[in-house]
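I set out to record what I looked up in this structure. The entries are kept in the order in which I made them.

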Amino acid sequence: MTSRLPIFFVVATVAIDAMGIGLIMPVMPDLLREVDGGGLGDAAIWGGILATAFAVMQFLFGPIVGSLSDQYGRKPFLVVSLVIMAFDYVLMALAGTIWLLLIGRLIGGITAATHATAAAYIADVSEPDQKAANFGLIGAGFGIGFVLGPVIGGLLAEFGTRAPFWAAAVLALTNATFGWFVLKESVTDATRRPFKWKRANPFGAFKSIGSFPGLGALLLVYFFYQVSSVVYPAVWSFFTAERFGWSPGIIGLSLAIFGISFALVQGLLVRPSIKRFGHRRTVIIGLILEAVALFLIAAIYSGNVLLWCIPFAALGAIGMPALQGIMSRRVSDDAQGELQGVLTSVNSLAAIIAPLVMTRSFAYFTGPETPIYLPGAPFIIAGVLMVISVVIFQMRRRASVTS
């Protein structure tokens, strides 16, 4: 049991990151209208700006934190980031202006860069053929966080728009205390890698990791997937409020259903899918299912039907752990933190671009001057990008076969 506690802590850290997002998502439309005084469309645009600010910090600091953890170890960065995250939520709970919320999102983006460190820890302690399945544990932790976060956030919304932030702060600080006592360092003298700025800055890290055979095209697939996936946190609350008139409580319930489904898929289906179909086919199946789900969500006009379709939308989650497993097996043991830092920056780069595109397309197609009322437009855009990722992945495979 003692040997399992460190992995439990890492999965719990990812779950708490997701809970922090899920806790505040149901109240974000009301909070932004409360602070800014505008309408739902204006709130969506500000939501995109805050999400982009968060992502810029993740993009800049992901490779830095990942490379630093390759030299100095995973534990200090995981624990300290949780402490800073707790104080960041306190700041946002007290914020009375958009600018303080913006500062809070900038700090939050830096602390969230340690998601790469969590993934690197899992890579450190996993055998090569178990990495994909264990990355699925991280995904399951994220899903569990999305189960609890929106439900708690929706309930706490009854006590005001700031209550979820206080709850998120307590969770982060509690887990930091737990991690301090149970986490064992996974970086050894044999795998320790000196920090170098040319690898740690985002652009140098991309160049360094891209030099590993076959990773360039895989990173591009990962990028398009992440751009598409950002549609959910970027516009889900606004989309469901606009199209179906959902309250924060119903929005929280819908996110909880997705979280349960996501956790079950990544916790229970990734390993058998890889065993049955292999890594490559599992990636393809996941990407195709994601594309179908996005187009389906855009077409649905009944809130009840959407709730029933959410579990189907989560099935595509089998693809990403398989893709991460393929990439992790292509780099050396002393570069796992660097790889995960690059993946965090890819996530962040997608999250810089996607919220602005998704929220502005939502605002445009629901505004008074739109030529066609289409609140599902962001999901159509995301579906097209997911199809592009399938094409790139298949072209990469064919190129490697013919070369």
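**Entry 1: Basis**

I am working from a predicted model, in which local features need pLDDT of at least 70 and side-chain atom pairs count only at pLDDT 80 or more, while totals for chains, interfaces and linings use all residues. I number residues from 1 along each chain as its sequence is written, and side-chain values use heavy atoms, with hydrogens and water left out.

**Entry 2: Salt bridges**

I looked for salt bridges (a side-chain nitrogen of Lys or Arg within 4 Å of a carboxyl oxygen of Asp or Glu). The search of the whole structure gave two.

In one of them Asp124 pairs with Arg74, with 2.7 Å between the closest N and O atoms. This pair joins distant parts of the chain, 50 residues apart: Asp124 belongs to helix H6 (residues 115-124), and Arg74 to the loop between helix H3 (40-72) and helix H4 (75-94). I take helices as DSSP runs (H or I, at least four residues), numbered from the N terminus. The side chains of Arg74 and Asp124 also make a polar contact at 2.7 Å; for that term, a pair of N or O atoms must lie within 3.5 Å, and within protein one must be able to donate a hydrogen and the other to accept it, with residues adjacent in sequence counting only if both atoms are side-chain atoms.

I then checked accessibility, where buried means under 20% relative accessible area, exposed over 50%, and partly exposed in between (1.4 Å probe, protein chains only). Arg74 is buried at 2%, whereas Asp124 is partly exposed at 25%.

The other salt bridge is between the side chains of Asp88 and Arg105, at 3.8 Å from N to O. Asp88 is in helix H4 and Arg105 in helix H5 (residues 98-112), 17 residues apart. Both Asp88 and Arg105 are buried.

**Entry 3: Two loop positions**

I found Val125 in the loop between H6 and helix H7 (131-156), partly exposed with a relative accessible area of 41%. Apart from neighbours within four places in sequence, Val125 is in contact (heavy atoms within 4.5 Å) with Ile7 and Ser186. Ile7 is 118 residues away along the chain, yet the two C-alpha atoms are separated by 8.9 Å.

Ser332 sits in the loop between helix H15 (319-328) and helix H16 (336-366). Ser332 is partly exposed, at 32%. Its C-alpha atom is 9.4 Å from that of Thr191, 141 residues apart in sequence.

**Entry 4: Helix H11**

How many of the 15 residues of H11 are buried? I counted twelve, so the helix is mostly covered. Among them are Leu215, Tyr222 and Ser229.

**Entry 5: Aromatic rings**

I searched for aromatic pairs, in which ring centres of Phe, Tyr and Trp (its six-membered ring) lie within 6.5 Å; planes under 30 degrees apart count as stacked, over 60 as edge-to-face and the rest as tilted. The structure holds eleven such pairs. Phe223 and Phe224 form an edge-to-face pair, 5.5 Å between centres and 65 degrees between planes. Both Phe223 and Phe224 are buried.

Trp236 and Phe379 are also edge-to-face, at 6.3 Å and 80 degrees. They join helix H12 (residues 231-244) to helix H17 (residues 377-402), 143 residues apart. Ring pairs link Trp236 and Phe379 into a cluster with Tyr232, Phe239, Phe244, Trp246 and Phe258.
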